[in-house]
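Me: I have a two-chain model open and want to go through it. Can you take my questions as they come?

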Amino acid sequence: MSAASSAALAVEGISKSFRLGRESFQALRGIDLALAAGEFVSVVGPSGCGKSTLLRIIAGLETPDAGRVTIGSSTPAETTAAHRLGIAFQDHALLPWLSVAENIALPYRLAGMTVDQARVQELARLVGLGDFLRARPRQLSGGMRQRVSIARAMVLKPVVLLLDEPFGALDLVTRRHLNLEMQRIWGELGTTALLITHSVDEAVQFGNRVFVMAARPGRMHAEFAVKLPRPRDRRVTASPEFVALVQKVAAALDDATAASTASGMPG
Amino acid sequence: MARVLEQGWLRSLLGFALFFILWETAGRTGALGASFPSLSEIATAFDTPVKRGLFTRSMAVTVHSSLIAFAVGAAIAVGLALISAVLPSLENGIDSLASGIYAIPAIAFGPILILIAGPETTPIVLGVLSAFFPIYGAFVSGLRFTPSAYLDLSGALGASRARAFLLLKVPHAMPALIDGLRLGAPGAILGVVLGEWFGAPRGLGVVIVGSMQNVRIPQLWAAALLVVACSLIAYFALSALHRLCVRRFAW
């Protein structure tokens, strides 16, 4: 994309290698990605394609060997230092010793800011946990824990929301329900968001665009624009257009997986 | 009956009762020799006010020394663990120091300690040395093995090291710390009693050595059992605290 300079999130030419014993293993090669403000982009890829590494680089948790990431006009390090990044993990990483409200408020405390209780309550209500503010995470179901983690990711009004397989550990029924809920939440907040997933359905359901990655080395393989109406509820996901697109993305993912296997381990 | 037996505490109670009955029988029949008295014989060690007074005074001294040893040992352990977690460059040095202290054989060092610290302080010093290591080891490992997801979270949210330490690492390590305290408390008592053997003026350890030298079998057993009781009370009280703490701080 040439619009990198005006993008809310721009990833340009990112490469990253890891050492595995004596050998060097290239996790990412030449990744380009640009998200317009308010855009929701999904990245889907076979396991081991480096999609989580990409997200970690954007979050400033890893540094790339080459290329750069720009969030608005800042680096990832500047964005995290300004506490403007929202992130939710597959392992929700809630603190078991804090209540739901305290978990949602944690980013304020980690940032050394005064907790905005009204904002915490507003987000708890938004994710449907307004009546569970004083509950502890261990009293909640897996889906409810993930809602807390999403509310926590949103509490500081991040400029970019990073979602690393947030629904990956949930059962199918909970997952579908939370997918719909998450679309509604995102619709209300309109935050620029990047979703990493291995579910093609999920990628298409959420994304304005869907990227398919290939592995070894992790690289962009295909891009699809999703021009389906929102909210993408069951009516939309049952439509022939949705099903056809899911099949196209799935085919691209099969291609990518075959290409990954064929290329083998790079030197 | 089967449902009643599912109650854990009731089963423990039955276990203890059975144990005491076997003990009493073994003592009365002399099955384990003349130095193994029955429980009722041991009870004769408490049958006059003078005898009871000896035990009350001795136990007060031992408990008092053990509490001091436990508190000092815990304070040093927690302090060193925090320093080693905050200043990773000192980590290896402090670990070696802690293991070195732990490796000191108290039994060989005791007589020297009597000369250096004096007979009154030696029990406390040995108690501190025995209580220190399990507390240090448990707290340090709790502080070091913070789940990587917490570290990612604090990194992505731009938390300062100090805030990540206070808000994530320390609370996460609380169950481990209490676990260490639970192991350290009997250690403190053991160290104190051992220290008293080496010639302290008062304490249950003194009664133990004195009874042995004068072949006062019931008194010897009574003193030893009181030490065991103190140890068990400390252990179970801290186990209860550990359960509360796990419920509060862990999944």
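Me: Start with chain A. What percentage of its 267 residues is buried?

Reply: Buried residues make up 45% of the 267 residues in chain A. A residue is buried if 20 or more other C-beta atoms lie within 10 Å of its own, exposed if 12 or fewer, and partly exposed in between, with C-beta atoms placed from the backbone. This is a predicted model: local features need pLDDT of at least 70, side-chain atom pairs count only at pLDDT 80 or more, and totals for chains, interfaces and linings use all residues. Residues are numbered from 1 along each chain as its sequence is written, and chains are lettered from A and ligands numbered from 1 in the order in which they are written.

Me: And what is the percentage for the 251 residues of chain B?

Reply: In chain B, 36% of the 251 residues are buried.

Me: How many helices and strands in chain A?

Reply: Chain A has nine helices and nine strands. Helices (H or I, at least four residues) and strands (E, at least two) are DSSP runs, numbered from the N terminus.

Me: What about the radius of gyration of chain A?

Reply: Chain A has 18 Å, and a compact globule with 267 residues would have a value near 18 Å, so the two agree. The radius is taken over C-alpha atoms, and the globule rule is 2.2 Å times the number of residues to the power 0.38. Along its principal axes, the C-alpha trace of chain A spans about 50 × 45 × 35 Å.

Me: What is phi at A:Lys157?

Reply: Phi of A:Lys157 is positive, about 50°, although the residue is not a glycine. A:Lys157 is in the loop between α5 (142-154) and β6 (160-164) of chain A.

Me: Is A:Lys157 buried or exposed?

Reply: A:Lys157 is exposed, because 12 other C-beta atoms lie within 10 Å.

Me: Switching to chain B. What is in its fold?

Reply: Chain B has 11 helices and zero strands. The C-alpha trace of chain B spans about 70 × 60 × 30 Å along its principal axes.

Me: How far do the ends of α2(B) sit from each other?

Reply: The end C-alpha atoms of α2(B) (residues 8-29) are 32 Å apart, which agrees with the 32 Å that its 22 residues should span at 1.5 Å a residue. The expected span is 1.5 Å times one less than the number of residues. The count of buried residues in α2(B) is zero. After α2(B) comes B:Gly30, with a positive phi near 70°.

Me: And what does α9(B) span?

Reply: α9(B) spans only 47 Å between its end C-alpha atoms, whereas a straight helix of 37 residues would span 54 Å.

Me: Where is the kink in α9(B)?

Reply: The kink of about 45° lies at B:Met174, shortly before B:Pro175. The bend at a residue is the angle between axes fitted to the seven residues ending there and the seven starting there. α9(B) is followed by B:Gly199, with a positive phi near 105°.

Me: Which residues does B:Thr146 touch?

Reply: Not counting residues up to four places away in sequence, B:Thr146 touches B:Leu151, B:Leu168, B:Lys169 and B:His172. Two residues are in contact if their C-beta atoms, placed from the backbone, lie within 7 Å. The C-alpha atoms of B:Thr146 and B:Leu168 are separated by 7.9 Å. B:Thr146 lies in the loop between α7 (122-144) and α8 of chain B.

Me: Last topic, the contact between the chains. How many residues from each?

Reply: The contact takes 19 residues from chain B and 20 residues from chain A. On the chain B side, α8 (148-156), α9 (161-197) and α11 (217-249) each give two or more residues. The largest share of that side, seven residues, comes from α8(B).

Me: What classes are on the chain B side?

Reply: The side of chain B that touches chain A has 12 nonpolar, four polar and three charged residues. Ala, Val, Leu, Ile, Met, Phe, Trp, Tyr, Cys and Pro count as nonpolar, Asp, Glu, Lys and Arg as charged, and the others, Gly among them, as polar.
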